Each structure stands twice: as structure tokens, then as C-alpha cells.
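Good morning, colleagues. I would like to take a few minutes to walk through one region of a model. Please have the sequence and the coordinates open as I speak.

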Amino acid sequence: MTKEKKFYKDGLRFSCQGCGKCCISRGNHGYVYLSFKDRKRLAVHLKTTTSGFTARYTSKVHGLYELKDTGVGCPFLVSMRCQVYAARPWQCRTWPFWPENMDEQVWEREVLSCCPGAGKGRLYSAEEIEDILLKKKDVNSD
């Protein structure tokens, strides 16, 4: 953990409630970036090849793979339920511990107010959160 005191120094509780609210960003589907491991895991889950999954569901923008914008949001979000939850991308797996959420005001205003799993369930230590944040920087490098 960095030397400055973080608002999450004593850890944060989180347990996914399966509501799908994290799958939309301010009312819209956000960008979901996919590493090779993500694409491979999703392909296995969907019983297709990695290249087939990549061609059907992704776009490459600025050298990074992302889920295609279908105009109606994430192609795997149906009735606010993730249809690939067990194989979801690292980005989705690490909600709400995203760099842009790890500011106390953002956490209170945007995470706690919209995510019913924030503040519930298992306690993630500050060290675990920092580890997730560090790994997130490398997610697209594999």
C-alpha cells in the first residue's frame, strides 16, 4: 500500500449481489477491455474458439481488445443478469475495486449509492485492494 493514508486502509466489504448495475456506467454500457486470458476463458465458456469469440464479440481499438458496442449494451447482459458470470472478464471480476472508484468521494457518491453489494460480505484488506489495482494495470498486456 502506498505511504499516504487511503480511505480503505481498514479494508472494504464487498459481495456481488448479481444486480447488473455495475454493467452499466452512468446509464450506458461502458468499455470492457479483454486480455487474451479473458477472451480464452469466455471462448471456453461459450464453447467456441478464442479466435471465433474474438471475431464475433470484440473490436480492437488502439491496440486493445474490447467488447463490441452492440448499441444495446453488453452482449452478455440480459435482463440485468450476466450470462457469462462464471467466465466474466477481469475488469468485471474486479468491480468495484477500479482505480477511478478508489477515491473516497467517488466511492461514497457512485459506488455505495448504486451497488447493493458495496459494504456487504467479505472484507477485502487494503493490501488485497492494492494488489487488484496493480494487476489491473497489466490486464491488457497478456
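In which strand is the place of Thr 58? This is a predicted model, and in it Thr 58 belongs to strand S5, which covers residues 58-61.

Let me stay with this residue. Is Thr 58 buried or exposed? Its relative accessible area is 7%, and because the limit for burial is under 20%, Thr 58 counts as buried. Its side chain comes to 2.6 Å from the backbone oxygen of Thr 54. If neighbours within four places in sequence are set aside, the contacts of Thr 58 are Leu 34, Arg 39, Phe 53, Tyr 65, Glu 66, Leu 67 and Lys 68.

Arg 39 leads us to helix H1, residues 36-45, where Asp 38, Arg 39, Leu 42 and Ala 43 are buried. Viewed down the helix axis, the buried residues of H1 fall within an arc of 130°, and therefore they line one face of the helix. The face turned away from that buried side carries Lys 37 and Val 44, which are exposed.

Against what do the buried residues of H1 pack? Their partners are strand S4 (33-34), helix H2 (50-57), S5, strand S6 (64-67) and helix H3 (90-93).

Just after H1, Lys 47 adopts a positive phi of about 60°.

How values were computed. Residues numbered from 1 in each chain as written. Predicted model: local features only at pLDDT ≥ 70, side-chain atom pairs only at ≥ 80, totals over all residues. Heavy atoms only, no water. Helix = DSSP H or I, 4+ residues; strand = E, 2+ residues; numbered from the N terminus. Buried < 20%, exposed > 50% of the residue type's maximum accessible area, 1.4 Å probe, protein only. Polar contact = N/O pair within 3.5 Å; in protein donor to acceptor, adjacent residues only side chain to side chain. Contact = heavy atoms within 4.5 Å. Arc of directions from axis to C-beta.
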